[in-house]
Amino acid sequence: MCRSKREAMQKSEYPGSTQLRNRITGNCDQRSLSSAQIKHKTVIQQSKPSSSTSSPESARKLHPRPSDKLNPKTINPGLRETKHPYTFVSKEGFRELLLVSGAPEKAVPLLPRLIPVLRAALVHSDDEVFERGLNALVQLSVIVGPCLNDHLKHLLTSLSKRLMDKKFKEPITSALQKLEQHGGSGSLIIIKSKIPTYCSICC
């Protein structure tokens, strides 16, 4: 269409035909340029993988989860939480995880990761955090039994220090008895090596 207009304008001899020819030529060039840009955009859009729109990551960006807005410090509550409701979540969450079916098989491989968390709670200056850590230790010993013995020495030092505090003497002694009960004779040897004053449940 543009070519035929150009040819017609080139044949014309009337004054001002050069300006008109340039104007028409410019319009044709702009049309061809814009159509080329549209084709280029279409090709780029078609070349993009359609799977990206259906991927979980893109779906998450379109519809963010409420947990994505949480402060990073509260995304993964641990036993050292001191603010409500995270104190409740950490305590109940730990307990409920140990009640699921197959918990012993699942918990034993995770002991190297759980022990530092328990140790951090047991050395914490907050009394409630310490008590949560002590309860969690007992709950874990019920589930994993003697498998906990290899890690006990890392936890007993903080217990021996708190044992000097009268308000913790009874709960710590009770916890040690349960550790011995579920850990067997091997646990008694470890407990006595760290806390010589401990009296065995067998006595």
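**Entry 1. Phe-168 and the aromatic pair**

Is Phe-168 buried or exposed? I looked this up first: Phe-168 has 1% relative accessibility and therefore counts as buried. The terms I use are buried for under 20% relative accessible area, exposed for over 50%, and partly exposed for in between, with a 1.4 Å probe and protein chains only.

I note the basis of the entries here: the model is predicted, local features need pLDDT of at least 70, side-chain atom pairs count only at pLDDT 80 or more, and totals for chains, interfaces and linings use all residues. Residues are numbered from 1 along each chain as its sequence is written, and side-chain values use heavy atoms, with hydrogens and water left out.

I then searched the whole structure for aromatic pairs and found one. The ring centres of Phe-130 and Phe-168 lie 4.9 Å apart with the planes at 70 degrees, so I recorded the pair as edge-to-face. The rule takes rings of Phe, Tyr and Trp (its six-membered ring) with centres within 6.5 Å; planes under 30 degrees apart are stacked, over 60 edge-to-face, and the rest tilted. Because Phe-130 belongs to helix H9 (residues 127-144) and Phe-168 to helix H11, the pair ties together parts that are 38 residues apart in sequence. Phe-130 is also buried, at a relative accessible area of 0%.

**Entry 2. The chain as a whole**

I counted twelve helices and zero strands in the chain. Helices (H or I, at least four residues) and strands (E, at least two) are DSSP runs, numbered from the N terminus. Of the 203 residues in the chain, 28% are buried. I also checked contacts, meaning heavy atoms within 4.5 Å. Among those with a separation of 6 or more, 60% join residues 24 or more positions apart.

**Entry 3. Arg-162**

I placed Arg-162 in helix H10 (residues 149-162). Its relative accessibility is 15%, so Arg-162 counts as buried. Which side chain does the side chain of Arg-162 meet in a polar contact? I found that of Asp-127, at 3.2 Å. A polar contact is a pair of N or O atoms within 3.5 Å; within protein, one must be able to donate a hydrogen and the other to accept it, and residues adjacent in sequence count only if both atoms are side-chain atoms.

Leaving out residues up to four places away in sequence, I listed the residues that Arg-162 touches; among them are Leu-122, His-124, Asp-127 and Ile-172. Both members of the aromatic pair, Phe-130 and Phe-168, are in that list too.

Ser-141 is in helix H9 and is buried, with a relative accessible area of 2%. What does the side chain of Ser-141 reach at 2.7 Å? I identified the backbone oxygen of Val-138. Beyond its neighbours within four places in sequence, Ser-141 is in contact with Leu-148, Lys-178, Leu-179 and His-182.

I found Asn-149 in helix H10, buried at 11% relative accessible area. With residues up to four places away set aside, Asn-149 touches Gly-183, Gly-186, Ser-187 and Ile-190.

**Entry 4. The second largest pocket**

I next examined the second largest pocket, which holds about 180 Å³ of space. On a 1 Å grid over the protein atoms alone, a pocket is an open set of points where a 1.4 Å probe fits, with protein on both sides within 12 Å along at least five of seven lines; lining residues have an atom within 4 Å of a point. Points are joined across faces, edges and corners, and the volume is the space filled by probe spheres set on them.

The lining includes Ser-160, Met-164, Lys-169, Tyr-198 and Cys-199. Helix H11 (residues 166-183) gives the largest share, three residues. Lys-169 is in helix H11 and counts as exposed, at 52% relative accessibility.

I located Ile-189 in helix H12 (residues 185-194), where its 64% relative accessibility counts as exposed. Ile-201 is in the segment after H12 and counts as partly exposed, at 43%. Not counting residues up to four places away, Ile-201 touches Gln-177, Glu-180 and Gln-181.
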